[in-house]
Amino acid sequence: QGQLVESGGGLVQPGGSLRLSCAASGITLSSHAVGWFRQAPGKEREGFSCNSGSRGSATWQSPSVKGRFIISRDNANNTVYLQMNSLKPEDTAIYYCAASETILVCGSRSPHDYQYWGQGTQVTVSS
């Protein structure tokens, strides 16, 4: 059974950076589309980034993070990274990575399109 584990969250000042990691076991991430979601208190889970991996290597990002967040892969270590730059207080949320066997083209996808989920990591942007 596939498992994902996120790490790298924490407290950062506005304008700062963090790098989140999503390490997989039991599945090969390079053959899965990988998405990043976040959920702020009182709000729905929001998908903001997706990379299709070996299915085309295409990346989709929502306007809220485009130009600030970068998704990358380390296939040798079965890990996906999310580099977050120029962080804003509104980026505060629990961040989740997810993997999909069925997504061929990334885009604004429902959480139901992903079969594997990490446990989440808290990111707080505050001075």
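Strands β1 (residues 3–7) and β3 (residues 18–25) run antiparallel and pair through five bridges, where pairing takes at least two DSSP bridges between two strands. This is a predicted model, so local features need pLDDT of at least 70 and side-chain atom pairs count only at pLDDT 80 or more, while totals for chains, interfaces and linings use all residues. Residues are numbered from 1 along each chain as its sequence is written, and side-chain values use heavy atoms, with hydrogens and water left out.

**Strand pairing**

- Strands here are DSSP runs of E with at least two residues, and helices are runs of H or I with at least four, numbered from the N terminus.
- Have a look at L20, which stands opposite L82 in β8.

**Salt bridges**

- The whole structure holds four salt bridges, each counted when a side-chain nitrogen of Lys or Arg comes within 4 Å of a carboxyl oxygen of Asp or Glu.
- One of them puts the side chains of E46 and R38 together at 2.9 Å, N to O.
- For accessibility, buried means under 20% relative accessible area, exposed means over 50%, and partly exposed is in between (1.4 Å probe, protein chains only).
- On that scale E46 is partly exposed at 30%, whereas R38 is buried at 7%.
- R38 also has a salt bridge to D91, with the closest N and O atoms 2.9 Å apart.
- D91 sits in the loop between β8 (79–84) and β9 (93–100) and R38 in strand β4 (residues 33–39), so this pair ties together parts that are 53 residues apart in sequence.
- D91 itself is buried, with 1% relative accessibility.
- D91 meets R68 as well, in a salt bridge of 2.8 Å, N to O.
- That one links distant parts of the chain too, since R68 is in the loop between β6 (59–61) and β7 (69–74), 23 residues from D91.
- R68 is another buried residue, at 9% relative accessible area.
- Put together, shared partners join R38, E46, R68 and D91 into one salt-bridge network.

**Disulfides**

- The count is two disulfides, taking a disulfide as a pair of cysteine sulfur atoms within 2.5 Å.
- C22 is joined to C97, S to S 2.1 Å.
- The torsion about their S-S bond is about 75°, so the C22 and C97 disulfide is right-handed.
- C22 lies in strand β3 and C97 in strand β9, a link between distant parts of the chain, 75 residues apart.
- Both of these cysteines, C22 and C97, are buried.
- C50 is joined to C106, S to S 2.0 Å.
- Here the torsion is about -55°, so the C50 and C106 disulfide is left-handed.
- C50 is buried at 1% relative accessible area, and C106 counts as buried at 14%.
- Counting bonded cysteines along the chain, the pattern is 1-3, 2-4.

**The S100 contacts**

- S100 is in strand β9 and is buried, with 0% relative accessibility.
- Its side chain reaches two backbone nitrogens, that of T102 at 3.1 Å and that of I103 at 3.0 Å.

Notes: A polar contact is a pair of N or O atoms within 3.5 Å; within protein, one must be able to donate a hydrogen and the other to accept it, and residues adjacent in sequence count only if both atoms are side-chain atoms.
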